[in-house]
Amino acid sequence: MVKNKTVFVCQNCGAQSPKWIGKCPSCQEWNTYVEEIIPSKKTVNNFNSYSSKPQLINDIEISDDTRIDTQNTEFNRVLGGGLVPGSLVLIGGEPGIGKSTLMLQISLNISNYKTLYVSGEESQSQIRLRADRLGINGANCFILCETSIEKVLLNVEKLAPDIIIIDSIQTLQTERIETSPGSISQIRECANIILRFAKQQSKTFMLIGHINKEGSIAGPKILEHTVDTVLQFEGDSNYMYRILRATKNRFGSTSELGIYEMQHSGLRQVSNPSELLMSQNNLNLSGSAVSSTVEGIRPFLIEIQALVSSSVYSSPQRTSTGFDLRRLSMLLAVLEKRAGFRLSVKDVFLNIAGGIKVDDPAIDLAVVCAILSSDQDIAINKNICFSGEIGLSGEIRPVNRIEQRIHEAEKLGFSQIFIPKFSKKSVDFSKFSIKINEVSKVDEVFKILFP
Ligand code: TYD
Ligand code: MG
C-alpha cells in the first residue's frame, strides 16, 4: 500500500501545519484544522493531461439516457422525474427517521435495474429481516456488508449493478488516509472516490448521510458540493408523517416535496397530502383555521391550530411548531397595530397539524384567523378555508397559483374560501361553485368571520 502524505489545513484561511492544532496561528480561528491528502506531483498542474477540448454548445451530443424510474412516485417527483444515470444523490436525515427503510424499499422495488445495497451498519440477515417486513420481493437486489470503499468498488466492478446504495457514507473508510471512519477527511475522500467512479463508469450512487448536531449533513457542507442532488428526509418523531425535500438538485427543481407515512410494513406514499388534515376530527372548536397551501406545484390543505391565553409572566410566551417564530411575531405585531387586538399581554401557541413544516407565505391569513378565533373564543365554520399573505400594513397580498388553491379547496368540499383581492385577473372565478371572498385588509376578514 502506498502511504499518502497528509497535511492539516485550516478550513478558514488555508494555513498548513504538519500536526493538528486547535487554534489557527494565522487567522486565530478555533477547530478549523482538517487533515488533507497532499496530491501527488503527477496530478498537479499537468496541463497535458486535459484530453477534452472545448466544443460549441450546439455541437455537443446529448446522451438519450432516460431517467431511471424508481417505481416510487413521491421519490421520482422529488428527484425531478426519476434518477439520472451516473448521478450522485445524498439523502440526509436524523437517526431513526427512516432513511435505511426508504432506500431499501426503493432498491427492492426497482426490478428492471440491478441494485446493490451496501450497508456498514447492519448485517445481511438484519437487512433480510427488514426486507421481509417490507413485504417486497427484490429479485434484482444484492446486499453487501462492507466498510472499505476500495472493496466496495471492487465488488461493484465485478457485479456491475446500475444503482448502488451506500448506508451510510459515515461508515465508509479508505485505505488512503489513516483517520477513523466518520472523520471529515475520510468522508470527503470517500465521497471524492465515489464521485470519480460514478462519473467514469456512469453508475448511479445514492449515499445516506447522518445529520450532525448542527443539523447539516456530516460536517461543514463538504458533501453538498460533491454530489448532484441533496435530499433531506425529515419529520417529527412523534408523528408518522415524513417529508422528503430536495435542497439541491442539478437535474430538477428544489421546490418539490414527497410525503410518506411510516407504517408497520414500511413507508407508504401519501399521494393526497390533504389527508394530513382530513384525518383530524371535525369538532367545531375555536382556534383552528384551514389554509389552502402549495408546496412546489402541489396544492394541499392544512390545519393551523392556535391557542391564545392570558400570560402569567411579564414577558408573554410565543411558541410555534412548523411555522417560523419570527413570522409569527410579525403577524402578532400587525394584528396589534393595524387591527387593534391587544395580544402583547397574551401567550400565543401555534401548531401546524400533522407535524409538517410549511414555508408557503399564503398560510399567513389562516394563522391570523386561528389566533383571533382562539382569542375571541369563536369557532370558525369548518367549511371555510383561507389563502393569502399578510403584509406589514395589514394588507392581504396576492399569492401564486391561486386557481389551484381554490380548486383544491373545492375538491375537498369547502364551501367558502378567502383569497387576496388583487389576485391574477386572468383567472375566471365563475367556473368555481365554491363561494370566493376577495379581501384586501385583515379587518375585512374579521368583520365577515366574527360579525
Ligand atoms: P430506519 O430506516 O432504520 O432509520 P434510519 O436509517 O434513518 O436511522 O428506521 C427506523 C425506524 O423506522 C424505527 O424506529 C422503526 C421504524 N420502522 C417502522 O415503523 N416500520 C417499518 O416497516 C420499518 C422497517 C421501520
Ligand atoms: Mg439507518
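Modeller: A cavity here is a set of grid points where a 1.4 Å probe fits but cannot get out. Keep in mind that this is a predicted model.

Colleague: How many cavities of 30 Å³ or more does that rule give?

Modeller: The count comes to 1. The largest cavity holds about 40 Å³ of space.

Colleague: What makes a residue part of the lining of the largest cavity, and which residues are they?

Modeller: A lining residue has an atom within 4 Å of a point. For the largest cavity, the residues that line it include Arg-67, Leu-79, Leu-83, Val-84, Thr-229, Asn-249 and Phe-251. Gly-82, Ser-87 and Val-89 line the largest cavity too. By class, the lining has 5 nonpolar, 4 polar and 1 charged.

Colleague: What makes a space a pocket rather than a cavity?

Modeller: A pocket is an open set of points, with protein on both sides within 12 Å along at least five of seven lines. The second largest pocket contains about 300 Å³ of space. Its lining has 17 residues, and Glu-234, Gly-235, Asp-236, Gly-355 and Lys-357 are the closest to its centre.

Colleague: Why is the second largest pocket said to lie between domain 2 and domain 3?

Modeller: Domain 2 (70-271) gives residues to the lining, and so does domain 3 (276-449); therefore the pocket lies between them.

Colleague: Which strands each supply at least two residues of that lining?

Modeller: Strand E9 (229-234) and strand E10 (241-249). E9 has the largest share, at 3 residues. By class, the lining of the second largest pocket divides into 7 nonpolar, 6 polar and 4 charged.

Colleague: How much of ligand 1 does the protein cover?

Modeller: The protein covers 74% of the 560 Å² of accessible area that ligand 1 has on its own.

Colleague: Which elements give two or more residues to the shell around ligand 1?

Modeller: Helix H2 (99-109), helix H3 (124-134) and strand E11 (257-263). H2 gives the most, with 3 residues. There are 15 residues around ligand 1, and Gly-96, Ser-100, Thr-101, Gln-263 and His-264 come nearest. The shell splits into 3 nonpolar, 8 polar and 4 charged residues.

Colleague: What is the peptide bond from Asp-167 to Ser-168, cis or trans?

Modeller: Cis, as its omega is near 0 degrees. Ser-168 sits in the loop between strand E7 (163-167) and helix H5 (184-201).

Colleague: What makes Gln-28 worth a flag?

Modeller: The phi of Gln-28 is near 65 degrees, a positive value in a residue other than glycine. Most residues other than glycine have a negative phi. Gln-28 is in the loop between strand E2 (16-17) and strand E3 (33-37).

Notes:
Residues are numbered from 1 along each chain as its sequence is written. Chains are lettered from A and ligands numbered from 1 in the order in which they are written. This is a predicted model: local features need pLDDT of at least 70, side-chain atom pairs count only at pLDDT 80 or more; totals for chains, interfaces and linings use all residues. Side-chain values use heavy atoms; hydrogens and water are left out. Grid points are joined across faces, edges and corners, and a volume is the space filled by probe spheres set on the points. Helices (H or I, at least four residues) and strands (E, at least two) are DSSP runs, numbered from the N terminus. Ala, Val, Leu, Ile, Met, Phe, Trp, Tyr, Cys and Pro count as nonpolar, Asp, Glu, Lys and Arg as charged, and the others, Gly among them, as polar. Domain bounds come from an automatic or database domain assignment. A residue is near a molecule or strand if one of its heavy atoms lies within 4 Å of it. Accessible areas come from the Shrake-Rupley method with a 1.4 Å probe; for residues, only the protein chains shown count as cover.
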